[in-house]
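Dear colleague,

Please find below the structure that I am handing over to you. A summary of the findings follows it.

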Amino acid sequence: RRALRTVSRHGSAAAAVEVLREVSRSIEVNEHLCSFALDACARAGEMELAAEVARDLVESPSAVTYCILVKGHGRAADRVSRRRKDAGELLAACAARIEAVVAEMG
């Protein structure tokens with residue numbers, strides 16, 4: 001359990017899921033153990049991987065599992081929103097530069 005907690009906090013989401021799957025070969029994992037890997041996935045924005053873990057390894061999801069998944073989807077949505085804003089600002093800057101070059105030319 002300690003190794004899973006450490007990997008989930010400081011490693012990648014894929015590494016946390018791999019440790020969880022390795023642990024599940026020798027002991028029956030419970031929702032508490034799965035929550036470490038789910039949280040790593042949520043923090044990394046790896047929501048497809050989180051859904052796979054929840055589907056494959058969490059027998060009876062509780063509010064804890066659902067809260068982690070909701071948190072992860074919220075973070076992923078925030079990342080997309082920031083990227084769209086950044087892309088919009090970049091496009092606006094490019095358009096302004098193009099307009100300036102066209103104005104200089106003519």
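This is a predicted model: local features need pLDDT of at least 70, side-chain atom pairs count only at pLDDT 80 or more; totals for chains, interfaces and linings use all residues.

Across the whole structure, a search finds six salt bridges. Another of these is formed by E52 and R21, with 2.7 Å between the closest N and O atoms. Since E52 lies in helix α4 and R21 in helix α2, this pair ties together parts that are 31 residues apart in sequence. Both side chains are partly exposed: the relative accessible area is 31% for E52 and 21% for R21.

The side chains of K71 and D39 also meet in a salt bridge, at 2.4 Å from N to O. K71 is in helix α5 and D39 in helix α3, so this pair ties together parts that are 32 residues apart in sequence. K71 is partly exposed, at 32% relative accessibility.

Which residues have the most contacts inside the largest nonpolar core? They are L20 and L38, in a core of 23 residues. At least two residues of this core come from each of the helices α2 (13-26), α3 (31-44), α4 (47-57) and α5 (63-105). Helix α3 provides the largest share, namely eight residues. As general background, nonpolar side chains in soluble globular proteins tend to be buried together.

The surroundings of L20 can be described in detail. Leaving aside residues up to four places away in sequence, L20 touches L4, V29, L33, C34, A37, V53 and L57.

One further residue deserves mention, namely S35 in helix α3. Is S35 buried or exposed? S35 is buried, because its relative accessible area is 12% and the limit for a buried residue is under 20%. With residues up to four places away in sequence again not counted, S35 touches V64 and I68.

Yours sincerely

Methods
Residues are numbered from 1 along each chain as its sequence is written. Side-chain values use heavy atoms; hydrogens and water are left out. A nonpolar core is a set of buried Ala, Val, Leu, Ile, Met, Phe, Trp, Tyr and Cys residues joined through side-chain atoms within 4.5 Å. Buried means under 20% relative accessible area, exposed over 50%, partly exposed in between (1.4 Å probe, protein chains only). Helices (H or I, at least four residues) and strands (E, at least two) are DSSP runs, numbered from the N terminus. Contact means heavy atoms within 4.5 Å. A salt bridge is a side-chain nitrogen of Lys or Arg within 4 Å of a carboxyl oxygen of Asp or Glu.
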